[in-house]
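Here are my notes on the complex, point by point. Please read them with the model open.

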Amino acid sequence: MTLLYAFVGAGVVGCGLYMILSRNLVRMLLGFSLLATGANLLLFLAGRVGSQQPPIIVEGEQRLGDAADPLIQALILTAIVIGFALTVVMATLVLRAWRQSGSIRAEDANAAEAMGAPPKKPGNTA
Amino acid sequence: MTDALLLVAPVVIPFIGAAIAMLARKQATLAAATGLVASLLLAIASALLFARAMTSISTPLTLLGNWPQGIGLSLSATLPGVALVMVTALVALAAAIYAPVDIGPRRRRAGYDPMMLAMIGAVNGAFLTDDLFNLYVWFELALLCAIGLLTLDRRPAQIHGAIRYAAFAMLGATFILLGIGMIYGITATLNIHEAAAALARTPPNVASATAAALLFGGFALKAGLAPFHLWLPASYHVAPASVTAVFAGLLTKMGFYALLLIFAGLFGTASESPSAAQMAPLFGIIAAATMLVCVAGALAQTDMRRLLAYHVIAQVGYMMAGLAIATREGVAAAIFYMIHSIIVQSNLFLGAGLIRRASGSWDLTRTGGMVRHDPLFAALFAVPVLSLAGIPPLSGFWAKMIVIRESLDAGMAWIGGVALIAGLLTIVSMATFWSDACWKETPGQRIRRVPGTGLAAMALLSAATVLIGLFPQGLWTLAQQSAYMLEIGR
Amino acid sequence: MPPLLLSLAGLVISLQPEWITRVALRPAVAAVYGRAVDVDIAIWHGVTPMLLLSIVVVSVGVLIVRFWQPIHVRLRRIGWIDAVALERLWDWSLRDTVVTSRRLTGWIQHGDLRRYLWLVIAMMVALVAWSVVASGAVPRLPPVGEVRIGLALVALVGLGGAIAASRARTLLSAMIATGLTGFATAITFMGNGAPDLALTQFTVEALIVVLLTALLLAVPLASPSTRAAGLRRVDALICTIFAAALFLAFADMTVIGHQSAASAFYGRMSYIAAQGHNVVNVILVDFRAFDTLGETMVIAMAAVLARSLLMSRGGDVPAHLSQPVHFSLHVTGRWLAGLLLLASVVILWRGHDQPGGGFVGGLVAALAFALLALAYGVGSAERSLRVNPLTLVGAGILLTVLSGMPALLAGQPFLTHLWWQPGWGLPKLGTTLVFDIGVYLVVWGAVLAFLFGLQREAAR
């Protein structure tokens with residue numbers, strides 16, 4: 001199963017990267033969401049796929065028996081939530097850009113680089 | 001003052017300040033007051049922490065949650081972290097004093113204070129933490145706050161700049177996350193010191209090689225090293241001056257600190273048996289490329305903020321050169337440069353903001369006349385300009401000289417040569433910058449008065465630069481100690 | 001005036017050098033050499049070559065001043081000096097440097113975001129390739145082991161969803177395919193012993209769909225490919241190489257023997273020392289609470305950003321005007337929302353011992369209000385909430401940070417959680433619950449800030 005999950009995780013990351021390279025900002029956004037999901041899946045492998053037992057101490061017991069790695073699960077949970085926050089923030093930015101400039105194409109979102117750009121002709125120097 | 005309180009104060013004080021500023025967001029003056037008070041308290045706490053770290057025999061350490069080391073999270077007042085916390089507090093205080101110049105009630109209500117305070121807290125957390133994943137969390141917090149501060153006015157340029165910034169940063173963060181996960185998978189620990197020891201024991205393998213590359217790429221992106229630097233000139237100049245000043249001073253250096261921690265600390269590139277030796281040759285190439293490309297970029301600009309933004313990255317190139325010189329002195333040179341650069345970069349942006357206030361434009365063709373109309377400002381501004389150019393006796397001279405000297409000592413003279421060429425170009429750039437921004441007189445130009453709070457903030461930072469310049473020995477000793485501690489942490 | 005002052009200062013200093021030597025020169029030289037060096041400055045050292053040189057220089061200077069006019073007339077007559085014209089050389093090389101810099105920068109910083117990101121990914125691939133090849137390591141693969149057909153199929157569906165998303169023609173189908181991958185991942189987590197992860201992933205996917213709908217309603221849904229076929233192939237190639245590298249790296253990683261001392265500790269001590277049965281939750285709110293504190297701040301700052309970027313006013317957006325809603329939702333909406341809210345509190349409460357906790361609780365609470373907003377409109381939902389979402393967030397942060405303070409007063413490190421056993425069969429109470437409530441409030445408030453804002457934007 002490890003090989004399969006590594007394959008699927010890497011594949012999802014690859015698809016996410018492919019979508020990030022699109023010129024459509026919404027596709028890029030969805031690509032980031034896929035990237036995060038794929039990364040979380042790969043992260044899961046770091047805790048080793050083995051036991052299917054959730055890391056919850058059985059009632060009456062004092063310690064955990066053989067179970068999945070709880071530490072990596074805590075890390076992935078944090079990563080999922082942070083990824084969610086960033087996805088939604090990016091969506092908000094794209095929505096604002098759409099409202100302001102009427103375009104979701106990346107090349108139209110260049111007001112930042114156009115601002116204060118040096119003149120094309122070599123005018124004022126020293 | 002117990003260690004436990006002092007070590008968490010640089011993170012907790014800004015966070016509590018952010019919470020209060022958030023609850024008080026409707027009243028702009030209350031939010032502003034919270035920001036200023038929090039920065040003051042932070043400065044005091046950081047100074048106390050620094051003093052404690054310097055005077056105690058063992059490194060002050062707090063085990064959060066009272067769990068054993070390596071099991072729970074811990075914060076330790078090692079060098080260079082605690083020195084960087086001190087410098088961060090200085091910059092934060094200067095920014096808080098300067099803020100009334102360009103942060104008005106509308107920007108305050110949009111959330112300037114909570115986001116700025118949270119970002120400072122995140123930077124401090126990164127400087128003090130011992131845990132890899134904790135480091136990642138602070139980077140993500142800083143990223144989010146930066147996006148928020150970039151888009152304070154909701155202007156199209158800001159939104160577009162933020163999209164570019166966010167796209168790069170999220171990509172870099174994913175690389176870092178994958179790298180950290182892989183390190184955990186290899187070493188079974190997230191504590192930097194334990195992981196370093198475990199890595200030193202494992203023979204070279206594909207996983208750790210990939211992890212080294214991923215972590216390098218991700219943090220190089222955050223630090224702004226070429227060719228991962230393209231986001232910075234695309235976004236830093238859209239924010240108000242006080243925001244860009246803090247970004248320029250702290251965020252890239254946070255990324256570089258992580259590079260130091262990972263490569264000098266975790267992988268031990270400056271030691272005798274580095275775990276990721278294959279990455280070392282790349283450092284020099286990337287450092288040289290960054291220095292040259294970015295100084296060229298600065299020479300091309302006519303907008304003050306864009307010019308200074310390029311210099312920010314060029315300076316990171318110098319720091320990287322220090323790391324590329326794979327000796328302990330090289331790392332120390334990088335740390336010295338980092339501390340000098342934080343103060344100088346922030347000061348430059350604050351000054352640029354004041355020039356804009358005075359002359360009404362960011363464009364260098366329309367500025368000027370500061371020397372005649374406001375000599376005090378010109379004197380204060382001359383300090384960071386000359387320091388960046390590397391003119392003695394200011395901090396920049398020592399920083400550049402140390403980097404070049406260490407490169408010669410380590411037999412990597414070509415890096416020293418590139419640093420010299422970049423330094424020459426920097427002098428040219430700063431000379432034209434000074435002449436355009438302050439010296440030249442345009443007939444019929446109206447120069448407005450520069451606010452006193454802005455001058456006060458600049459005075460604070462300029463004084464620090466002059467102090468380092470006149471007494472570099474203290475900082476150099478500190479830098480050498482830092483390099484040593486980064487290494488023996490393994 | 002300033003030149004006169006400076007030269008006077010020079011004269012004074014050279015006549016009385018002890019002061020400047022002590023204050024500035026000795027420390028400076030010591031700094032360069034790294035050790036103390038004896039520095040001795042005086043006006044008269046006897047008749048030395050230096051003194052003779054000084055006399056020569058001063059004499060030449062006097063001569064130049066005396067014969068200023070004739071010297072310059074002579075120089076101007078010599079033609080080739082003008083041709084070399086160092087001044088013009090300086091100007092010209094400076095201008096050339098700037099022009100070259102502009103061209104170079106224009107070439108590098110071309111403004112096309114896609115090409116920037118492509119460079120980053122390609123560079124990353126090159127770095128990984130270099131690192132692996134130069135380290136001389138050979139990739140190893142773990143043994144195949146047992147294959148659980150059901151989970152294997154789910155995982156492959158996830159991959160299929162990702163591939164479908166990258167080839168989708170419309171944004172809506174791309175979003176649905178992405179959601180499919182997310183749900184498949186959640187089921188994968190569920191099947192591999194990670195119920196907390198599965199819960200969180202499910203709720204997050206559901207919320208992303210709800211929140212992104214606001215975005216998708218506004219933008220054109222049909223979006224033809226923005227890249228030419230050749231470009232797409234190059235992109236696909238780079239991404240495939242990167243994915244292959246990740247596959248090999250992670251597969252290699254699993255071969256290494258893995259004994260996590262921390263996880264063993266958590267398994268042993270979660271109940272005994274931290275009073276919790278759900279080890280993952282105990283890690284989040286106790287063992288690694290500082291991480292969660294940071295993460296909570298991330299969510300809180302996202303809320304501030306939402307408030308600043310999205311419409312916070314604009315009047316009520318009646319549900320029946322924004323999107324058609326079935327009347328059954330109208331009737332049962334309030335009950336369903338109340339049920340969800342109750343469920344969220346239960347999830348929060350029992351998180352320490354069973355799957356759940358502050359995060360999922362907050363997300364479910366936000367879902368409750370999402371339902372209200374869907375059924376009755378954003379304004380009605382906001383009024384039901386009574387407070388501003390940012391107030392919830394601010395209160396939440398204070399709770400999380402303050403829950404770690406009592407420990408400091410007791411002389412223990414920050415975030416050491418304290419417990420109180422009230423007896424009489426009542427459950428134990430601890431500062432972990434305060435921490436978790438803080439997380440709950442922050443997540444709830446932040447998601448609502450986005451929800452209300454995005455729904456208002458969508459209905460504009």
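**Notes on chain C and its partners**

1. Start with the contact between chains C and A. Chain C puts in 97 residues and chain A puts in 79 residues. On the chain C side, helix α11 (residues 229-255) gives the most, with 12 residues. By class, that side of chain C holds 57 nonpolar, 26 polar and 14 charged residues.

2. A word on confidence. This is a predicted model. The predictor gives the complex an ipTM of 0.93 and a pTM of 0.91. For chain C the mean pLDDT is 84, and 90% of its residues reach 70 or more.

3. Chain C also meets chain B. Here 73 residues of chain C are in contact with 79 residues of chain B. Several elements of chain B give two or more residues to its side, among them α1 (3-23), β1 (61-63), α7 (156-187) and α20 (472-488). The chain B side divides into 56 nonpolar, 19 polar and four charged residues.

4. Now the overall form of chain C. The chain has 21 helices and two strands. Its C-alpha trace spans about 105 × 65 × 60 Å along the principal axes. The radius of gyration is 36 Å, whereas a compact globule of 460 residues would have one near 23 Å.

5. What share of chain C is buried? Buried residues make up 44% of its 460 residues. As for contacts within chain C between residues at least 6 apart in sequence, 71% join residues at least 24 apart.

6. Check helix α10 of chain C, residues 195-218. How far apart should its ends be? The helix has 24 residues, so at 1.5 Å a residue it should span 34 Å. The end C-alpha atoms lie 35 Å apart, which agrees. Note too that α10(C) has a kink of about 30 degrees, centred on L212(C).

7. One residue to look at is A337(C), in helix α16 (residues 327-350) of chain C. Is A337(C) buried or exposed? A337(C) counts as buried because 23 other C-beta atoms lie within 10 Å, and the cut-off is 20 or more. Leaving aside neighbours within four places in sequence, its contacts are A368(C), F369(C), L371(C) and L372(C).

8. For a sense of distance, take A337(C) and W118(C). They are 219 residues apart along the chain, and their C-alpha atoms are separated by 45 Å.

Definitions and conventions. Residues are numbered from 1 along each chain as its sequence is written. Chains are lettered from A and ligands numbered from 1 in the order in which they are written. This is a predicted model: local features need pLDDT of at least 70, side-chain atom pairs count only at pLDDT 80 or more; totals for chains, interfaces and linings use all residues. pLDDT is the predictor's confidence in each residue, from 0 to 100. Helices (H or I, at least four residues) and strands (E, at least two) are DSSP runs, numbered from the N terminus. The expected span of a helix is 1.5 Å times one less than its number of residues. The bend at a residue is the angle between axes fitted to the seven residues ending there and the seven starting there. Two residues are in contact if their C-beta atoms, placed from the backbone, lie within 7 Å. Ala, Val, Leu, Ile, Met, Phe, Trp, Tyr, Cys and Pro count as nonpolar, Asp, Glu, Lys and Arg as charged, and the others, Gly among them, as polar. The radius of gyration is taken over C-alpha atoms; the globule rule is 2.2 Å times the number of residues to the power 0.38. A residue is buried if 20 or more other C-beta atoms lie within 10 Å of its own, exposed if 12 or fewer, and partly exposed in between; C-beta atoms are placed from the backbone.
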